[in-house]
Number of protein chains: 4
Amino acid sequence: MNITYNDAAKALNIAIEKAKALNIPVSIAVVDSGGHLIAFARLDSVYGVIDFAIKKARTAVMFGVDSEVMGSIISGADLQGYGMLNSNDGLLTVAGGVVIKNQGGNIIGAIASSGGTPEQDKEIANAAIVVFS
Amino acid sequence: MNITYNDAAKALNIAIEKAKALNIPVSIAVVDSGGHLIAFARLDSVYGVIDFAIKKARTAVMFGVDSEVMGSIISGADLQGYGMLNSNDGLLTVAGGVVIKNQGGNIIGAIASSGGTPEQDKEIANAAIVVFS
Amino acid sequence: MNITYNDAAKALNIAIEKAKALNIPVSIAVVDSGGHLIAFARLDSVYGVIDFAIKKARTAVMFGVDSEVMGSIISGADLQGYGMLNSNDGLLTVAGGVVIKNQGGNIIGAIASSGGTPEQDKEIANAAIVVFS
Amino acid sequence: MNITYNDAAKALNIAIEKAKALNIPVSIAVVDSGGHLIAFARLDSVYGVIDFAIKKARTAVMFGVDSEVMGSIISGADLQGYGMLNSNDGLLTVAGGVVIKNQGGNIIGAIASSGGTPEQDKEIANAAIVVFS
């Protein structure tokens, strides 16, 4: 199961509203279950965080856990974690990438924010997945 | 001068309406004057055309002409044109990538559609730049 | 807003004079606000630092802060920071890449030196941005 | 033998003067005998031709002939030439890349222009190698 464009657009818009309420210039990416981009908005953020948002979303969906959870798994491997971070064209395990599940609990995509603090980015991304719960 | 997110979102939405009116599953990308992504929507197209849309938009903005115009320039060089196509991480010179100019005539970004015929993609992209003219 | 060639050449020449005064064989790169090369000089440095100079300049402009400031942000994320370093075709967060702002405070590009110590490279790059202040 | 920075800067400046006299917005690259960048100027050209100029200069120096001569060699191989164009991270065999030789006839680098017609780019690059003859 893959998230549809309509649902991705809904999620993106909720995240955009949250980012505007927090007044933070972020980039927000929504990817499908295959990690491929489906909707994206750069709210006048610096362009360096475009790739951060996409990589956080891909990291979440490809391991089936929020981005910072994958970070904790890798940290447990200490220096050896470098190899994992370097895989799949580069993971990004800072908080802010969250998986999107459908009503049946299956992962259908992920959404990620980048440009704020890890906590702010996580808050923005989490706001957007309420719609699917 | 760079296109703002608000203007990019307006352009994207117009292109989305056009694509829905034509009933074609496309991907649409908006990039700024440096070729960096600012807004993106995949209307349930196959994911192979995501990169097509981004590369068409980048090709347009980096040479300052619509994507198929760059294609004509390269075609004039016969076999040697392949070297140009291979530059800049890969050009895509099929129609559908159009430059976005501000009122003063300066290029501020580009928008591209991919997933339809070259003519349809061009129609979708061109619909979106009316807002800036 | 993008730095013009004339201003980039001025900045480059000031940095070259500084490097000669310090008698260090460096490479110096100036990029525009989109991270694209605009002026470059390799003062008989080893060629390995060409990419260092370009990546430092791009790191500065794409995050809107001097290269080592981005390094400090990433260091705060411990091991997870490696993922950020791996993004955007590779960041370089050693000192020596500095943003260039216009009179209005907008970032119009960046200049970076590589080949000296981080402190020397920073001194060389900083000398060049005086012209815009 | 490698071209020094001083000689590369002289060549670049002559090419810049020629481009200004022709009033064409080009990018000009000088590489050493190993194909590594030594001096570069983007005279407010579109950024797509940065890579063209660098690839033309590298194509010239790595085969020891001007860029369009390599193009003629490849054209003689018809469709099979594609493979050659695709080698070495991409050749560019349009005119405008010329080898630089020292007094003894040894190739010490190359200079290339891009942004004009092939004939104009060749004229600009050729102007710059007079200094070494």
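What is the volume of the second largest pocket? The second largest pocket has a volume of about 1,000 Å³. The model is predicted.

**Second largest pocket**

- The lining of the second largest pocket comprises 37 residues, and the closest to the pocket centre are B:Asn2, B:Ser33, C:Met1, C:Asn2 and C:Ser33.
- Sorted by class, the lining of this pocket consists of 16 polar, 15 nonpolar and 6 charged residues.

**Chain B and chain D: interface**

- Chain B contributes 18 residues to the contact, and chain D contributes 20 residues.
- Between chain B and chain D, about 1,500 Å² of area is buried, and carbon and sulfur atoms account for 63% of that area.
- On the chain B side, B:Leu79, B:Gln80 and B:Tyr82 supply 41% of the area buried against chain D, more than any other three residues of that side.
- The interface of chain B and chain D has 9 residue pairs in polar contact, counting pairs with both residues at pLDDT 80 or more.
- The number of salt bridges between chain B and chain D is 0.

**Chain B and chain D: superposition**

- Chain B is superposed on chain D, with an RMSD of 0.1 Å, by a rotation of 92° and a shift of 1.0 Å along the rotation axis.
- This is the relation of a four-fold axis.
- The two copies use different surfaces, as 17% of the contact residues of chain B recur in chain D.

**Chain A and chain C: interface**

- The contact between these chains involves 20 residues of chain A and 18 residues of chain C.
- The area buried between chain A and chain C is about 1,500 Å², with 63% of it from carbon and sulfur atoms.
- The residues of chain A that lose the most area to chain C are A:Tyr47, A:Phe52 and A:Tyr82, which together make up 37% of what the chain A side buries.
- Between chain A and chain C there are 8 residue pairs in polar contact, again with both residues at pLDDT 80 or more.
- The salt bridge count between chain A and chain C is 0.

**Chain A and chain C: superposition**

Note on methods
Residues numbered from 1 in each chain as written. Chains lettered and ligands numbered in written order. Predicted model: local features only at pLDDT ≥ 70, side-chain atom pairs only at ≥ 80, totals over all residues. Heavy atoms only, no water. Least-squares fit on C-alpha atoms with pLDDT ≥ 70 in both. Contact = heavy atoms within 4.5 Å. 1 Å grid on protein atoms, 1.4 Å probe; cavity = no way out; pocket = protein on both sides within 12 Å on 5 of 7 lines; lining within 4 Å. Points joined across faces, edges and corners; volume = space filled by probe spheres on them. Nonpolar A, V, L, I, M, F, W, Y, C, P; charged D, E, K, R; others polar. Buried area = accessible area lost by both parts, 1.4 Å probe. Salt bridge = Lys/Arg side-chain N within 4 Å of Asp/Glu carboxyl O. Polar contact = N/O pair within 3.5 Å; in protein donor to acceptor, adjacent residues only side chain to side chain.
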